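I opened my notebook for a first walk through this structure.

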Amino acid sequence: MWSLYTYHHLLAFLLTFLSYVLLHASRKTFSNVKVSISAQWTPSALQQNGSNSSLSPGETWEENQLFADVEEATLFLGALDSIFLFSYAVGLYISGVIGDRFNLRYVLSFGLCGSAVTEFVFGTLTEWLHFYNVYFYCILWVINGLLQSTVWPCVVAIMGNWFGKSGRGFIFGLWSACASVGNILGAFLASSVLKYGYEYAFLVTSVVQFAGGVVVFFGLLTSPKEIGLRDYSETGLRSVTRDSDSQHPLMNDDEDALCDEYSIQQRDEELEPQPKAIGFLQAFCLPGVIPYSLAYACLKLVNYSFFFWLPFYLCNNFGWKEVQADRLSVWYDVGGIVGGTVQGLISDVLGKRAPVLAISLLLAMGALVGYSHSPNNQLVNGALLATTGFLIGGPSNIISSAISADLGRQGALQNSQQALATVTGIVDGTGSIGAAGGQYLVSLIESKLGWMCVFYFFIIMTGCSVLFIIPLLYREICSLCRDSQARTHQL
Amino acid sequence: MTAGVTTSTICLCTVFIVLFNVYVDSQDTDAQLCQMCEGTVRQDSPVWDFCLTKGHIRGRCCFRNNTSNVDTIIGLDLANCSISHIEHLYNSSTAFIILKIADLNLNTLRGNASWEKVEVKNNAKICQGQTNICNQTVQMPWDCPENSFCSPYGPGFFECSCLHNFHGYKCLRQGEFPIVKVLGILTGSTVVVSSLLWFTQRRKVKNT
């Protein structure tokens with residue numbers, strides 16, 4: 001398998017990996033500086049025997065009154081998260097379609113650089129100019145969501161162009177660690193620069209992201225066809241099953257190679273500047289897209305709530321410092337990386353994805369109960385975080401990457417090849433809507449009912465995502481049983 | 001006790017204020033103070049006696065005799081002024097205040113704890129020797145937040161100033177960010193990596 005890959009494949013892997021790492025790093029910056037930003041937006045809260053007083057000098061302690069107190073600022077921060085995710089979701093539906101129609105490289109670079117500029121204006125410029133305005137922040141974050149949404153469908157499509165179905169689970173599982181690596185990078189960057197002021201955290205991550213966009217523009221090859229190598233396209237979802245059970249892997253590859261060459265020749269002859277892309281509704285109606293999208297909506301809610309709120313929760317609940325909380329929140333992502341890779345590998349070996357996901361999610365519900373009762377001990381908390389990350393982040397990574405690639409390359413797409421970005425956009429877009437609704441709910445539940453109820457909410461959502469996968473699970477288990485029966489009959 | 005002055009019960013009060021080592025920050029405050037009521041320093045007030053040797057009188061104020069252009073107020077006679085609000089007087093370090101009050105329900109500014117020596121004679125309460133509230137043995141009503149320290153700012157007043165190397169709003173920021181160095185390194189490495197990738201990757205692109 002590995003001899004099929006050249007160093008071009010490695011570079012494509014690394015560049016797409018890097019793009020999403022930088023994107024997530026800058027997203028993580030926002031969640032890691034929430035405590036500092038809400039301190040910047042509010043006056044000092046001094047309450048003595050029920051009477052409010054103010055510290056002097058006023059410029060140092062009382063001047064900024066964007067919000068009256070930290071609770072209001074927190075609600076607004078939750079609202080900003082929701083706004084971002086909603087516009088990200090809308091953008092995903094659009095960008096998937098755009099990515100399948102336009103040059104993936106241009107769309108990707110534009111998204112990276114544009115988003116970097118927006119983040120710079122949001123975090124750094126407003127602070128340098130001391131211009132704090134609620135509507136301005138909201139508008140900027142909507143624009144940021146739309147621009148960032150261009151990245152994920154493009155990188156998944158590019159990966160789908162370079163890497164075929166063999167080992168897809170493992171490679172995509174490893175590759176989908178990019179989100180978690182980005183979170184870790186963002187956490188470290190933010191915590192090391194935070195002492196200079198939160199505006200410098202935004203400055204560093206947005207400049208690095210802009211640089212990433214430039215590098216991608218000059219260095220990325222969107223598909224092996226660009227330099228004359230073979231493209232890995234499939235002819236059916238059932239070929240995944242055939243691959244793992246197959247007694248004749250070589251024949252499989254040869255068959256596909258023939259089909260590939262034929263289709264490439266056809267395309268060359270047609271001299272079409274843009275390959276035919278699938279319609280949005282058509283992509284929506286592909287088998288498996290809707291259940292996985294809905295399951296992903298619930299799962300992404302939980303995943304993103306940890307992502308956005310974990311440092312804040314650790315500071316508020318245990319009283320730890322923001323820098324410590326940022327460093328500890330890394331463990332969730334470490335768990336997610338390991339989970340995505342290991343579960344991707346298992347699902348490759350098994351040939352089926354749904355059973356692996358279902359088991360992991362059921363165990364995740366238990367892990368959430370355990371985490372909600374975590375003691376005030378950083379070591380134990382970190383270990384529980386890593387476990388929870390493994391069990392929730394793993395399925396989340398797989399659905400958004402390997403499964404999207406599976407769905408976008410299945411048998412129903414015989415006539416049109418370009419569906420990968422569209423399907424990825426749909427799955428991730430639905431996921432983001434779920435996550436968006438969840439963010440505001442989290443801050444609302446927390447302010448009214450406390451953190452324990454937030455965890456109950458997460459457990460319910462995880463349960464719902466299992467429910468959505470049940471039809472697919474049933475189908476896959478049946479086919480597993482049938483195949484093992486067929487094998488025993490052959491013997 | 002609030003940070004402001006409790007003045008609600010002042011009525012028909014007579015105020016003599018002798019200020020040592022005071023520098024009132026703005027010209028506006030000078031004008032405000034000296035023109036709070038009409039007239040000039042009265043000859044039977046302690047401010048008059050004090051000012052004869054130490055400075056010259058202008059309106060209700062006594063200014064220090066000094067060669068620099070800065071006018072420092074060292075005395076203030078606000079007798080029979082019917083003052084109800086004297087908050088802005090405390091923009092400066094007041095060392096010595098004499099308050100002659102007709103209605104003795106007035107609480108002395110900041111209470112007895114603000115002054116080392118408090119005497120009452122002839123309807124006048126004399127408060128002398130401002131204490132440093134930051135050094136109080138009695139528990140302070142509140143502490144300065146993180147990264148700041150307490151410094152006195154008037155009788156019973158204090159301000160929280162940022163510690164060394166801390167600056168900005170709420171003293172949250174520490175040190176100077178090396179922006180030029182960081183941007184320089186990032187730009188340089190971006191140029192290098194982009195050129196490298198261009199030569200190894202995109203130059204080989206075949207146009208179909």
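**Entry 1: the nonpolar patch.** I began with the surface of this predicted model and asked which helix gives the largest share of the nonpolar patch. I found that helix 4 of chain A does, with three residues. I then listed the members of the patch: A:Val90, A:Ile94, A:Ile98, A:Phe102, A:Val142 and A:Leu146, which together make about 480 Å². I noted that helix 4 (70–101) and helix 6 (134–148) of chain A each supply at least two residues of the patch. I looked up A:Leu146 as well, and placed this residue in helix 6 of chain A.

**Entry 2: where the chains meet.** Next I turned to the interface. I read that 50 residues of chain A are in contact with 36 residues of chain B. The area buried between chain A and chain B came out at about 3500 Å², with carbon and sulfur atoms giving 64% of that. I wondered which residues in chain A lose the most area to chain B. I wrote down A:Trp61, A:Tyr196 and A:Phe218, which together account for 18% of what that side buries.

**Entry 3: polar pairs and elements.** I counted eight residue pairs in polar contact between chain A and chain B, with both residues at pLDDT 80 or more. I then checked which elements of chain A give two or more residues to the side that touches chain B, and my list includes helix 1 (7–32), helix 5 (104–128) and helix 10 (198–219). Helix 10 of chain A gives the most, with 13 residues. I also sorted the residues on that side of chain A by type: 27 are nonpolar, 13 polar and 10 charged.

Entry 4: Across the interface of chain A and chain B, the rule finds two salt bridges.

**Entry 5: a loop residue in chain B.** Last, I asked where B:Asn147 lies. I found this residue in the loop between strand 7 (124–130) and strand 8 (148–152) of chain B. Leaving out residues up to four places away in sequence, B:Asn147 touches B:Ser161, B:Cys162, B:Leu163, B:Phe166 and B:Cys171. I noted that B:Leu163 is 16 residues from B:Asn147 along the chain, with 5.6 Å between their C-alpha atoms. For B:Cys171, I recorded that its backbone oxygen lies 3.2 Å from a polar atom of the B:Asn147 side chain.

Methods:
Residues numbered from 1 in each chain as written. Chains lettered and ligands numbered in written order. Predicted model: local features only at pLDDT ≥ 70, side-chain atom pairs only at ≥ 80, totals over all residues. Heavy atoms only, no water. Contact = heavy atoms within 4.5 Å. Buried area = accessible area lost by both parts, 1.4 Å probe. Salt bridge = Lys/Arg side-chain N within 4 Å of Asp/Glu carboxyl O. Polar contact = N/O pair within 3.5 Å; in protein donor to acceptor, adjacent residues only side chain to side chain. Helix = DSSP H or I, 4+ residues; strand = E, 2+ residues; numbered from the N terminus. Nonpolar A, V, L, I, M, F, W, Y, C, P; charged D, E, K, R; others polar. Patch = residues over 30% accessible without salt bridge, like charges linked within 9 Å, V, L, I, M, F, W, Y side chains within 5 Å. Areas by Shrake-Rupley, 256 points an atom, 1.4 Å probe, with all protein chains shown as cover.
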